[in-house]
Amino acid sequence: METTVRVDGGEVWADDTGGDAVPVVLLHPGVGDTRVWDPVLPGLGGVPRVIRYDARGYGRSPAPTVSYSQVGDLEAVLDHFGVRRAVLAGSSMGGQTALGLALADPGRVAGLGLFAPGVSGYPGLEVPEVTEQIGKLATAGDMDGVVALGLRLWGAAGTPPDRAAADVLRAAIPAWFTTYGKETEDTPVFDRLGELNLPCTLLLGERDQPQVVRCNEEMAARIPGCHLVRHPDCDHFPTLRAPDAVAEIIKELYAKAV
């Protein structure tokens with residue numbers, strides 16, 4: 001069931017397949033909206049309930065007009081649907097949000113599926129030169145240039161013209177600017193990953209950026225009992241490159257966590 005969920009000072013689009021079961025909540029990356037999960041959904045048969053939503057400014061959710069927190073919005077979505085406990089599956093930005101909630105409110109998270117995840121408090125993930133390049137291209141109105149740059153950075157496993165990745169990336173770009181200065185920084189959690197005590201699987205893409213691969217390796221080493229999956233054909237779009245593998249990881253994690 002698609003609906004609009006009220007969050008602090010705004011709203012987000014969300015979809016819940018319904019029921020009272022512990023759900024899997026799908027959290028999208030910053031390089032796409034929740035539609036990046038579309039290729040994965042057919043493989044999630046057997047998961048009794050799936051919730052997904054567009055973060056503010058992405059997809060079908062309006063741009064933010066006030067300061068907000070990604071973790072706070074996730075909590076608001078869970079509250080709206082009456083969810084006391086969930087398995088979280090997060091890609092990139094969504095993985096960072098999932099980790100934030102798992103450490104802020106451990107009893108609310110039954111398991112973590114992390115796909116090329118980000119994490120707050122890890123130095124070196126942000127590259128100022130790239131941010132500057134994106135800003136210059138966007139200021140010049142060169143959206144094709146921004147997409148091309150993004151595919152070089154995050155889509156190394158794709159074959160040109162790589163329309164699927166290009167389409168989700170192009171749709172996400174406006175959110176980078178409408179959310180700038182309004183999204184509050186997450187509390188650093190990289191140094192707290194050792195506190196996690198729950199089933200966790202982390203998939204890294206061997207063709208992702210080297211600094212992301214290093215970060216993901218270090219994350220998996222710090223999370224107690226984390227199952228690390230190295231996918232040779234994935235970049236920063238694992239749900240597009242290997243949807244069946246992502247779905248299997250989520251189902252296996254759900255079976256362990258619930």
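The following legends describe close-up views of a predicted model.

Residues are numbered from 1 along each chain as its sequence is written, and side-chain values use heavy atoms, with hydrogens and water left out. Because the model is predicted, local features need pLDDT of at least 70 and side-chain atom pairs count only at pLDDT 80 or more, whereas totals for chains, interfaces and linings use all residues.

**View 1. The open sheet of eight strands.** The strands follow the order β1-β2-β4-β3-β5-β6-β7-β8, with mixed pairing. Helices (H or I, at least four residues) and strands (E, at least two) are DSSP runs, numbered from the N terminus; two strands pair if DSSP finds at least two bridges between them. At the edges lie β1 (2-7) and β8 (227-231), each of which pairs on one side only. On average, neighbouring strands are turned by 20° against each other, direction ignored. Axes are lines fitted to C-alpha atoms, for helices over the stretch in contact, and angles run from 0 to 180 degrees between N-to-C directions. Strands of a sheet pair through backbone hydrogen bonds, either parallel or antiparallel.

View 2. Six bridges join β1 and β2 in the antiparallel sense, and Thr-4 has Trp-13 in β2 as its bridge partner. Two residues separate the strands of this hairpin, and Gly-9 in the turn has a positive phi of about 75°. Strand β2 (residues 10-16) also pairs with strand β4 (residues 50-53), in the antiparallel sense and over three bridges. Here Ala-14 has Tyr-53 in β4 as its bridge partner.

**View 3. Helix α8 across the sheet.** Helix α8 (residues 243-257) lies across β3 (24-27), β5 (86-91), β6 (109-115), β7 (200-205) and β8, and runs at about 160° to β6. The 15 residues of α8 should span 21 Å at 1.5 Å a residue, which agrees with the 21 Å between its end C-alpha atoms; the expected span is 1.5 Å times one less than the number of residues. Buried residues of α8 are Pro-243, Val-246, Ala-247, Ile-249, Ile-250, Leu-253, Tyr-254 and Ala-257. Seen down the helix axis, the buried residues of α8 fall within an arc of 160°, so they line one face of the helix; the arc is that of the directions from the helix axis to the C-beta atoms. Asp-244, Ala-255 and Lys-256 are exposed on the other side of α8. Buried means under 20% relative accessible area, exposed over 50%, and partly exposed in between (1.4 Å probe, protein chains only). The buried residues of α8 pack against β3, β5, β6, β7, β8 and α7 (238-241).

**View 4. The nonpolar cores.** A nonpolar core is a set of buried Ala, Val, Leu, Ile, Met, Phe, Trp, Tyr and Cys residues joined through side-chain atoms within 4.5 Å. The largest such core has 44 residues, of which Val-24, Trp-37, Phe-115, Trp-154, Trp-176 and Ile-250 touch the most other members. At least two residues of this core come from each of β3, β5, β6, α3 (128-139), α4 (143-154), α5 (163-178) and α8. Helix α5 supplies the largest share, eight residues. A second, separate core of 41 residues includes Leu-114, Tyr-122, Val-189 and Ala-220.

View 5. Phe-115 belongs to strand β6 and counts as buried, at 0% relative accessibility. Contact means heavy atoms within 4.5 Å. With neighbours within four places in sequence left aside, Ile-250 is in contact with Val-24, Leu-26, Trp-37, Val-40, Leu-44, Ala-89 and Phe-115.

View 6. Asp-208, in the loop between β7 and α6 (210-222), is buried with a relative accessible area of 8%. Leaving aside neighbours within four places in sequence, Asp-208 is in contact with Ala-116, Val-213, Cys-234, Asp-235 and His-236. Ser-92, in the loop between β5 and α2 (93-104), has a positive phi near 55°. In the loop between α4 and α5, Asp-162 has a positive phi near 50°. A cis peptide bond with omega of about 5° joins Pro-160 and Pro-161.
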